[in-house]
Amino acid sequence: MRLLTRIAPPLLALAFAACSSVDVNTHYDPSAAQKLEGFRTYAWLPQPTGKDDRVYNPIVGARVEQTVDRYLLARGYQKVESTANPDFLIGWHGAIHNALKAETVDAYYGYPWGGPFTDPFFAGGAVTMPQTELREYEEGSLILDIVDPRSRQLVWRGTAQAELDENASTAQQQQRLEESVKDVLERFPPKAK
């Protein structure tokens, strides 16, 4: 039973990490907020290029654009050719980088505790201390940019960041991409203040 109390906290920490959420941020030009509300048609900017083949390849590019297209079409936007004078242009960028996270767990509950505690059921009344461990993981970022087609100025940017699961299936990767796109584009257009 004592072995279980030693290995359960790291297993719980990994389980919760797999369920991590998507962090979303948006920025926009306040002077363009009212104009953004009137946008209805869009076209894609050319596919981006980068050094990381895990992000910048035709398969990932197609998946990102198809996911964004589905979401925008469901919200009433119309995709047009860039020569058809769209209301806005949309582009994407991505990145994968290493990150560190400190996680504190105790030997019973698997989450931070304010100090030593007594575990009368499994540790025979022994006092156990929380343990803090550093965990290295990969974090992915998806950036969606809205550009004014006439001035070619960036008017809105949405960013989604989430922990990546290296063992995720294609279906799980697509689900995380859809969640990220939805969470970002729910904030577009911004509400004029």
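In the protein chain, 79% of the contacts with a separation of 6 or more join residues 24 or more positions apart, where contact means heavy atoms within 4.5 Å. Before I go on, a word on the model: it is predicted, with local features needing pLDDT of at least 70 and side-chain atom pairs counting only at pLDDT 80 or more, while totals for chains, interfaces and linings use all residues. Residues are numbered from 1 along each chain as its sequence is written, and side-chain values use heavy atoms, leaving out hydrogens and water.

Now the layout. There are 4 helices and 8 strands in the protein chain, taken as DSSP runs numbered from the N terminus (helices are H or I, at least four residues; strands are E, at least two). Along the sequence the pattern reads α-β-α-β-α-β-β-β-β-β-β-α. Of the 193 residues, 39% are buried, meaning under 20% relative accessible area with a 1.4 Å probe on protein chains only; exposed is over 50%, and partly exposed lies in between.

On to a pair of helices. H3 (residues 58-74) and H4 (residues 170-185) pack at about 50°, and their axes are 10 Å apart. The axes are lines fitted to C-alpha atoms over the stretch in contact, and angles run from 0 to 180 degrees between N-to-C directions. H3 and H4 are therefore oblique to each other; under 35 degrees would be roughly parallel, over 145 roughly antiparallel, 65 to 115 roughly perpendicular, and the rest is oblique. Among the residues that meet are Val64, Val68 and Tyr71 in H3, and Leu177, Val181 and Leu185 in H4.

Which residues have the most contacts inside the largest nonpolar core? They are Val68 and Leu185, in a core of 29 residues; such a core is a set of buried Ala, Val, Leu, Ile, Met, Phe, Trp, Tyr and Cys residues joined through side-chain atoms within 4.5 Å. H3, H4 and strands S2 (41-44), S4 (88-105), S7 (131-147) and S8 (154-163) each supply at least two of its residues. Not counting residues up to four places away in sequence, Leu185 touches Val68, Tyr71, Leu72, Arg75, Leu144 and Trp156.

Trp92 sits in S4 and counts as buried because its relative accessibility is 3%. Beyond its neighbours within four places in sequence, the contacts of Trp92 include Trp44, Val64, Leu142 and Leu144. Thr159 is in S8 and, at 17%, is buried.
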